[in-house]
Amino acid sequence: MEAFVVVVDTGSFSAAARRLNVGQPAVSKLVAQLEERLGVKLPVRTTRGLTATEAGLNYYERARRTIEEADEAELAARGAGKSLAGRLRVAGAVTFTRMHLMPRLPEFLQRHPDLEIEVVLDDRRVDLVQEGIDVALRMGPLVDSSLTAQRLASAPQVVVGTPTYFARTGEPTAPGDLAGHQAVIYDQEGGGTDWTFRRDSAEIAVTLKGRLRVSAAEGVRAAVLADAGVAIVSEWMFAPEIADGSVKVVLQDWALPRIDLWAVFPAGRTATTKARTFTQFVQEVIRVPSGATNPEKS
């Protein structure tokens, strides 16, 4: 049952075999045995890979729920407060996860010695079902209303640059001054060139200008630290450098829209105990106020 579910999630026998850490012939044999017992064809091969038949889709939905319920039953039998077991697959933006989560993961694994964690690092919004993700950490507005999401925290967005860069160009004292600066532009959702600054009742729209556009936050960090220009980023992205002074925040008397951090769960599923426990751990890591933890639909 699990082999078939993973085949549908990944779209191929070979990918499912890698996910399950077994050989491809073993996965093919398991699915064939399942088809023989059920008396129906479950996956079919198309030009785009393997897809489930109508009977296969019906079986897939119930099989996935059965597997998740079995995992939940095992955890319940272990008793409240016992350690988690099995596999947890987490997705997150590269820079945030590397800087704020990865250094603390050994602590979580130590709490749950029977748990394995797979971390998928990608600044893009990966398909949670296709990638077999149990929980994803995402920032900014959520555009898919079918996903179940829990807001974990929010952080200011700030204008940053290095002291060396500002020594060369001068610091902007008003949002309009940014027109005279080279900007490192984060070319992903939540980034871009157009920003609105607010102070009291005043509001100023600014379009950043820059010859360098970067599709990953790691590249934005590298460019700013190389004195390439200013950037508008979440405070999380440069937290260590802001703290030690190697990066400076300017225009602090003007406010930009805050950015939210969300835990996102696959559509149509109840978050598993493992996913919920991990989400609570992320809240510990970023010290979220208790008032920001109510589940809500995106």
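A: A salt bridge here is a side-chain nitrogen of Lys or Arg within 4 Å of a carboxyl oxygen of Asp or Glu. The model is predicted. Searching the whole structure gives 12 salt bridges.

Start with Arg87 and Glu118. Their side chains form a salt bridge, at 3.7 Å from N to O. Arg87 belongs to strand E3 (residues 85-92) and Glu118 to strand E4 (residues 114-121), so this pair ties together parts that are 31 residues apart in sequence. Arg87 is partly exposed, at 25% relative accessible area. Glu118 is partly exposed too, with a relative accessible area of 25%.

Next comes Arg213 with Asp187. The closest N and O atoms of this salt bridge are 3.4 Å apart. This pair links distant parts of the chain, 26 residues apart. Arg213 is in strand E11 (residues 212-214), while Asp187 is in the loop between strand E8 (184-186) and strand E9 (194-199). Arg213 is partly exposed, with a relative accessible area of 47%. For Asp187 the value is 40%, again partly exposed.

Then there is Arg198 with Glu203. Their salt bridge has its closest N and O atoms 2.8 Å apart. Arg198 is partly exposed, at 41% relative accessible area. Glu203 has 53% relative accessibility, so Glu203 counts as exposed, the cut-off being over 50%.

Salt bridges also form a network. Its members are Arg104, Glu107, Arg111 and Glu284.

Conventions: Residues numbered from 1 in each chain as written. Predicted model: local features only at pLDDT ≥ 70, side-chain atom pairs only at ≥ 80, totals over all residues. Heavy atoms only, no water. Helix = DSSP H or I, 4+ residues; strand = E, 2+ residues; numbered from the N terminus. Buried < 20%, exposed > 50% of the residue type's maximum accessible area, 1.4 Å probe, protein only.
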